[in-house]
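Open the model in your viewer and keep the selection panel at hand.

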Amino acid sequence: MSVKLGIIGGTGVYNPEILTDPQEQTVSTPYGEVRLIVGNFCDRSVAFMNRHGAGHSVPPHLVNYRANIAALKKLGVKTVLATAAVGSLNPSMEPGHLVFTDQFLDFTKTRQTSFFDGGPAGVVHIDMTNPYCPELRDTLYRTARELGLMCHPVGIYICTEGPRFETAAEIKMYRRFGGDLVGMTGVPEVVLAREAEMCYATVAMVTNYAAGISPTNLTHQEVLDTMASNSEHIRKLLMQTVASLDPERNCSCQHALNPLVPA
Ligand code: HPA
């Protein structure tokens, strides 16, 4: 059975306890090797990957995003559910809430953002009008509501370079730009997934109010603590969502390089 579904676990989501018969695999890609786990859930073969590597050893600005997405693509993955810890700029998006981001603003600086770097790979300008798969986001939102989780169907995600947290002035600027959430890992992962013609959606867990909004200075421990107290919500949501998705589902994201092919 080829692997059609992938989960990218971000900060605080390290353990694929939902999978039976988990097998560690190392996948070679042109961008480097990736270690991940392939197992079963509800008659589906699912790949689980830690975005930050074993023991959270890779910081956001050094994650090999191209290798991670290329590895999932090589396994045959068509649908990716990613998790992310985020700070909130929006008072209605409180710590512990889930947000199914629908847009991003990219403030990263040093990352490899494309599989298409010219030369033999060619040049591609992929459409990003709706960067996150609308169908997947809808399924996640409906499932989260069924589970009674506090959640928001849309949110604008600001991606910073990190690994430092933001200044209060940066957060003020991001708010004026319309941002709801801030994190360090969403871009270029979502872009590469679209270039690889995969459906991709993020489950963003608010772990803190952003710098200058929070009454206290930020710490990574605070992020980990909020993730730990809410990780069960994410686990349930991922399980129920994976169970309800048709592994053979077709969607326009899967024809992103050739949008004239009907989904
Ligand atoms: N800023 C950036 N990344 C984050 C934050 C934050 O406040 N919280 C969790 N990830």
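This is a predicted model: local features need pLDDT of at least 70, side-chain atom pairs count only at pLDDT 80 or more; totals for chains, interfaces and linings use all residues.

Select the ligand first. Around it sit Ala-85, Val-86, Gly-87, Phe-165, Glu-166, Val-182, Gly-183, Met-184, Thr-207, Asn-208, Leu-218 and Val-223. Residues are numbered from 1 along each chain as its sequence is written, and side-chain values use heavy atoms, with hydrogens and water left out.

Color the shell by class. It has seven nonpolar, four polar and one charged residues. Here Ala, Val, Leu, Ile, Met, Phe, Trp, Tyr, Cys and Pro count as nonpolar, Asp, Glu, Lys and Arg as charged, and the others, Gly among them, as polar.

Now show the polar contacts (pairs of N or O atoms within 3.5 Å). A backbone N or O atom of Gly-87 lies 3.2 Å from a ligand nitrogen. Glu-166 places a polar side-chain atom 2.8 Å from a nitrogen of the ligand. For Asn-208, the distance from a polar side-chain atom to a ligand nitrogen is 2.7 Å. Alone, the ligand exposes 260 Å², and the protein buries 96% of that (Shrake-Rupley method, 1.4 Å probe).

Switch to the cartoon. β5, β10 (181-183) and β11 each give two or more residues to the shell. The largest share, three residues, comes from β5. Strands are DSSP runs of E, at least two residues; helices are runs of H or I, at least four.

Next, select Leu-36, Ile-69, Leu-72 and Leu-75. They have the most contacts inside the largest nonpolar core, which has 39 residues. Such a core joins buried Ala, Val, Leu, Ile, Met, Phe, Trp, Tyr and Cys residues through side-chain atoms within 4.5 Å. Buried means under 20% relative accessible area, exposed over 50%, partly exposed in between (1.4 Å probe, protein chains only). Among the elements giving two or more residues are β3 (32-41), α1 (65-75) and β11 (199-209). The largest share, seven residues, is from α1.

Apart from this core lies another, of 32 residues, including Leu-5, Ala-85, Cys-151 and Leu-237.

Last stop: Pro-91, in the loop between β5 and β6 (98-99). Is Pro-91 buried or exposed? Its relative accessibility is 56%, so Pro-91 counts as exposed. Leaving out residues up to four places away in sequence, Pro-91 touches Arg-175 and Tyr-209 (heavy atoms within 4.5 Å).

Technical notes
A residue is near a molecule or strand if one of its heavy atoms lies within 4 Å of it. A polar contact is a pair of N or O atoms within 3.5 Å; within protein, one must be able to donate a hydrogen and the other to accept it, and residues adjacent in sequence count only if both atoms are side-chain atoms.
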